[in-house]
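Let's take a walk through this model together.

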Amino acid sequence: AWGPWGPWGGGFGNTVSRTTEGTLYIDLIDASKKELVWQGQGTGYLARDVERKQERISEIVGEIMQEYPPKQMASN
């Protein structure tokens, strides 16, 4: 039988997500010049459980900070 979404019916609407994907940015700003010095970015899934969510955020921050300092900054 054809439903409103084709021959599959409404099966797609029955999925419940238990995680949320998000992007976290870390901006380092030179306060005296008010300029962005470096920006790191990480993307990941966060669990609904608050303790697990905080743990995952810490993991993402650690992954982002592994990219600091950038190569051109480290050679100065």
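Where pLDDT is low, the predicted coordinates should not be read in detail. As for the chain overall, pLDDT averages 78, and 70% of the residues score at least 70.

A bit of bookkeeping: this is a predicted model, in which local features need pLDDT of at least 70 and side-chain atom pairs count only at pLDDT 80 or more, while totals for chains, interfaces and linings use all residues. Residues are numbered from 1 along each chain as its sequence is written, and side-chain values use heavy atoms, with hydrogens and water left out.

Now look at helix α1, residues 50-65. Helices here are DSSP runs of H or I, at least four residues long, numbered from the N terminus. The expected span of a helix is 1.5 Å times one less than its number of residues, so the 16 residues of α1 should span 22 Å; the end C-alpha atoms are 23 Å apart, which agrees.

Which residues of α1 are buried? They are R56, I60 and I64, where buried means under 20% relative accessible area, exposed means over 50%, and partly exposed is in between (1.4 Å probe, protein chains only). These residues cover an arc of only 80° around the axis, which puts them on the same side of α1; the arc is that of the directions from the helix axis to the C-beta atoms. An α-helix has 3.6 residues a turn, so residues three or four places apart point the same way.

The charged side chains come next. A salt bridge here is a side-chain nitrogen of Lys or Arg within 4 Å of a carboxyl oxygen of Asp or Glu, and that rule gives four of them. Start at E59, partly exposed at 31%. One of its partners is R52 (3.5 Å, N to O), which is partly exposed at 34%. E59 also pairs with R56, their closest N and O atoms being 3.0 Å apart. E59 and R56 are three residues apart in α1, which means about one helical turn separates them.

R56 is buried, at 17%, yet its side chain also meets that of E63 in a salt bridge (3.8 Å, N to O). E63 is partly exposed, at 45%. Through shared partners, salt bridges join R52, E55, R56, E59 and E63 into one network.

Notes: Helices (H or I, at least four residues) and strands (E, at least two) are DSSP runs, numbered from the N terminus. pLDDT is the predictor's confidence in each residue, from 0 to 100.
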